Amino acid sequence: MDRLPPLRLLTTFEAVARHGSARLAAARLNVSASAVSQTVKALEDHIGTSLFDRGTRPAQLTEAGELLSRAVRDGLGQIAAALEDIRALSGQDGAQLTVSCTLGMATYWLMPRLPDFYAAHPDVTVNVQAPATDLPHLSPGVDVAIRYGTGGWSEGTTVKLFDERVCPVAAPQLLESLLEKGVELDTAPLIHVRSPHNQHWAGWEEYLRTRRIERSRLSGQTFNNYVQAAQAVLDGRGVMLGWRSIASGAVREGALRMWPDGELDLGTSYYVTGPRRPSGPALAFLEWIIGNE
């Protein structure tokens, strides 16, 4: 354990890896970009190797950087979970809130960002709930709902977080192989997400129809949630529709690649809904998440 670098070096590096630049990470951490760059350099000196390829613009993670990025992200997630358990054991029920969102949103967008919230609000515990439906909503026991669609919900107060976009994604080796062979989306191996509970998300049928791509067969491996499907894609099993909220981190880290010129805007976005007059933990969370995009 004595060979571990200081925690501040690791958290700063994780922020740069997640946001894709020292400037954006500095804005999130409320420090200068030069301070972030110096911290990353100190971590590289401690480890003895480069974590970013500075010959590219923007700088990309090296192989060592990708390994460390995944390890730090997982480690911080485990620390955040342990803190939640500790707070629950100590009876800190008065500083808790429950956030409802889809499993994919929770896994790939919200959970990696929660350490930032805890750093600013160490006295608040966030309980994340992923209901079966793909339309989370405010209900008894749910303080904040993060949901996908076109807006127009009547309960609470709703604010748009970001516009959602979809693009086919695949493991880099598979995508490179398909493109070298001249394989297009009309014949590429597909991975589907199909469930009675996620009918509000576009599938391959809608994507191909919108892009006017004709395909004789839509067969392929099918999963009932995005987390399982994403793992199959990471393993090189096929091409899936990657949503910004789900796939952007893996694309940024180089674990996935976007299909060339495949991005599509379906006019949908992610929104956060909270009480009309939020206070305490709910207000703190809403202010944080709205300022986090």
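Predicted model: local features only at pLDDT ≥ 70, side-chain atom pairs only at ≥ 80, totals over all residues.
The UniProt record, an unreviewed entry, places the feature "domain: HTH lysR-type" at residues 5-62. In the model this span is 62% helix and 7% strand, and its end C-alpha atoms lie 19 Å apart.

Ten aromatic pairs were counted. One of them joins tyrosine 148 and tryptophan 243, with ring centres 5.6 Å apart; the planes stand at 70°, so the pair is classed as edge-to-face. Tyrosine 148 belongs to strand E5 (residues 144-149) and tryptophan 243 to strand E10 (residues 240-243), so the contact ties together parts that are 95 residues apart in sequence. Tyrosine 148 has a relative accessibility of 4% and counts as buried. Tryptophan 243, at 1%, likewise counts as buried. A further pair is formed by phenylalanine 285 and tryptophan 288, whose ring centres are 5.5 Å apart; with an angle of 50° between the planes, the pair is tilted. Here both residues lie in helix H10 (residues 280-291), three residues apart, which is about one turn of the helix. Phenylalanine 285 and tryptophan 288 are both buried.

Tyr148 and Trp243 are also members of an aromatic cluster that includes Trp109, Phe162 and Tyr270. The ring of phenylalanine 162, a member of this cluster, additionally has a charged group over it: the charged end of arginine 244 sits 4.4 Å from the ring centre.

Strand E10, which holds tryptophan 243, is part of an open sheet of three strands. The strand order is E10-E7-E11, and the pairing is antiparallel. Alanine 170 stands opposite arginine 257 in E11.

With a cut-off of 2.5 Å between cysteine sulfur atoms, the count of disulfides is zero.

Terms used:
Residues numbered from 1 in each chain as written. Heavy atoms only, no water. UniProt positions renumbered as here; feature names shortened; annotations may be inferred. Helix = DSSP H or I, 4+ residues; strand = E, 2+ residues; numbered from the N terminus. Phe/Tyr/Trp six-rings, centres within 6.5 Å; stacked < 30°, edge-to-face > 60°. Buried < 20%, exposed > 50% of the residue type's maximum accessible area, 1.4 Å probe, protein only. Lys NZ or Arg CZ within 6 Å of the ring centre and 35° of its normal. Pairing = 2+ DSSP bridges.
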